[in-house]
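I opened this entry to look up a few things in one structure.

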Amino acid sequence: MRSLILLVALSICSASTNKRNIVTIQSSLDDIYTDPGSCHGYTNVIEDYREAMYNFTIETYKQVAPRGTYQFVMSPLSMWMTLAAMAEGANHYTQNYLFDLLHIPRNQCIRQKYYELAASRFSLTADATVVSKRALVIDEGVTTNPVWHNFVTKHRLLDVLTAPLKYNPGAAASTIRQVVSANFPRLDLRGNSVLIDTMDYNGLWNTAFADAVVKRAPFYSIEGRHIGAVDLMTVKRHGKIGYMPAIQAKILELPIGMNKQYSIIIALVVGNIDIRPIINQMKGSILAEGIRSLKETRVPIHIALPQFKINSELDAKIILEDLGITSLWTDPEATRYISSPPALPSSYVQRATLTLNKHGVHPPPITELRSFGPPTAPEDLFFSEFIADRPFMFGLFDTETHTCLMSTMYSQPTYPI
Ligand SMILES: *[C@@H]1O[C@H](CO)[C@@H](O)[C@H](O)[C@H]1NC(C)=O
């Protein structure tokens with residue numbers, strides 16, 4: 001009996017200390033979480049959301065591309081959501097910095113609309129799986145601020161997980177790696193938390209590539225040097241094709257899934273130009289313009305794409321540091337409304353995996369494609385072919401908001417010589 005009373009007393013005691021913490025934290029977050037009231041006037045934010053996402057996509061792409069072999073896949077969407085969650089609980093200085101980087105408006109109604117749009121881009125159906133996990137993993141001794149925690153959970157921005165980071169870092173690291181199926185060689189657990197996010201894509205094209213013609217074919221560098229071979233899948237079909245004059249690239253959109261709910265948009269630089277300055281010149285507006293230029297072709301397009309699976313593990317912390325985000329990892333003030341003691345993530349790593357194969361919902365066209373005779377105009381000729389046998393950039397987009405879920409570059413052939 002006595003021990004029971006003691007237990008009750010203890011739990012009351014800890015509840016009240018907890019409450020004290022909550023009260024101070026809560027009042028500090030008051031200006032962030034004031035009830036926005038009715039958000040009815042904000043129904044049409046898609047355009048602005050899309051522009052914000054394009055900008056963030058391109059800014060991160062430019063950071064990531066030059067760090068390796070120009071072969072990578074990353075998820076700007078997953079990173080955006082993870083950072084938005086951290087921004088929601090960050091102190092004024094860090095929050096401003098993050099909102100600027102993410103192009104998130106300060107208006108709370110608009111922000112919440114953006115979060116709704118972002119969190120509803122995923123799919124787990126037989127024809128298209130696009131899944132993302134995002135988590136702040138905190139040490140067992142760290143308590144999150146429930147106001148922040150509820151907000152980020154409610155908006156499906158971020159999960160909070162607990163692991164014995166300090167007590168048993170080895171076990172914690174292997175659990176984290178297991179949960180997100182990643183090696184994360186640079187997982188630094190010296191802080192009291194880590195940020196992790198993942199995205200996986202595996203889908204069926206709306207129209208399959210032709211089974212018979214996946215064949216080993218040469219792959220070239222930008223300079224036209226033969227650098228290896230790929231398994232090229234080919235098909236002849238009508239599709240949407242366009243041109244981005246600013247980077248001299250042909251672009252092609254290929255729909256994915258039963259209802260074409262996603263698409264892959266590929267940019268193939270034509271002409272022997274160095275891709276590095278081209279990536280450097282990229283802007284969100286160039287991407288938007290390119291996508292607007294997509295038009296259904298008059299003649300069927302001869303399309304050839306390598307079949308591959310690409311997996312990247314990205315040290316997002318380094319990328320973000322180069323974009324000016326430093327307080328989040330080092331300044332206890334920055335995250336003191338997120339948890340107690342303040343979360344100081346010592347790592348932020350992202351894993352993304354994307355698989356391109358030939359399978360589709362519908363079989364490839366076998367009947368005569370509707371055609372207006374052989375291409376005669378030079379323009380028709382130019383747009384009648386899309387052979388990705390040299391480095392190309394591409395993204396996975398959702399059709400409703402046309403924002404980028406995964407951004408990718410392919411430059412290293414499956415069978416190098
Ligand atoms: C996106 O970037 C362009 C410059 O490329 C800028 O003019 C525009 O304001 C940015 N949009 C947002 C939403 O930040």
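**Core**

I began with the largest nonpolar core, which has 111 residues. Trp80, Ala84, Ile266 and Met406 have the most contacts inside this core. I then looked up where its residues come from. H3 gives the largest share, 9 residues. Domain 1 (57-202 + 311-354) and domain 2 (205-308 + 356-416) each put at least three residues into this core. I keep in mind that the model is predicted.

Next I listed the partners of Trp80. Setting aside neighbours within four places in sequence, I found Trp80 in contact with Met53, Phe56, Leu102 and Ala118.

**Whole chain**

I noted the totals for the protein chain. Its secondary structure comes to 12 helices and 22 strands. Of its 417 residues, 39% are buried. I also checked the contacts between residues at least 6 apart in sequence: 77% of them join residues at least 24 apart.

**Ligand shell**

Which residues are around the ligand? I read off Glu51, Ala52, Asn55, His103, Lys283, Gly284 and Ser285. By type, the shell divides into 1 nonpolar, 4 polar and 2 charged residues. I then sorted the shell by element. Helix H2 (46-64) and helix H9 (284-292) each supply at least two of its residues. H2 gives the most, with 3 residues.

**Helix H5**

I checked the length of helix H5 (residues 108-119). H5 has 12 residues, so at 1.5 Å a residue it should span 16 Å. Its end C-alpha atoms are 16 Å apart, which agrees.

Which residues of H5 are buried? I found Arg111, Lys113, Tyr114, Tyr115 and Ala118. I noted two charged types, Arg111 and Lys113, on that buried list. The cover over the buried residues of H5 includes H2 and helix H3 (76-89). Ala118 of that list also turned up above, as a contact of Trp80.

**Glu140**

I moved on to Glu140, which is in the loop between strand S3 (128-139) and strand S4 (143-144). Why is Glu140 counted as partly exposed? I count 14 C-beta neighbours inside 10 Å.

Ala163 is 23 residues away in sequence, yet the C-alpha to C-alpha distance is 5.7 Å. Leaving aside neighbours within four places in sequence, Glu140 is in contact with Thr162, Pro164 and Tyr167.

Most residues other than glycine have a negative phi, and most peptide bonds are trans. I then collected departures from it.

Where does Pro341 lie? I placed Pro341 in the loop between strand S16 (339-340) and strand S17 (345-356). The peptide bond from Ser340 to Pro341 is cis, with omega near -10°.

Arg156 is not a glycine, but its phi is positive, about 55°. I located Arg156 in the loop between helix H6 (146-154) and strand S5 (159-163). Arg156 counts as partly exposed because it has 17 C-beta neighbours inside 10 Å.

Gln248 is not a glycine either, and has a positive phi of about 50°. I found Gln248 in the loop between strand S10 (240-244) and strand S11 (249-256). Gln248 is partly exposed too, with 14 other C-beta atoms within 10 Å.

Conventions
Residues are numbered from 1 along each chain as its sequence is written. This is a predicted model: local features need pLDDT of at least 70, side-chain atom pairs count only at pLDDT 80 or more; totals for chains, interfaces and linings use all residues. A residue is near a molecule or strand if its C-beta atom, placed from the backbone, lies within 6 Å of it. Helices (H or I, at least four residues) and strands (E, at least two) are DSSP runs, numbered from the N terminus. The expected span of a helix is 1.5 Å times one less than its number of residues. A residue is buried if 20 or more other C-beta atoms lie within 10 Å of its own, exposed if 12 or fewer, and partly exposed in between; C-beta atoms are placed from the backbone. Two residues are in contact if their C-beta atoms, placed from the backbone, lie within 7 Å. A nonpolar core is a set of buried Ala, Val, Leu, Ile, Met, Phe, Trp, Tyr and Cys residues joined through C-beta atoms within 7 Å. Domain bounds come from an automatic or database domain assignment.
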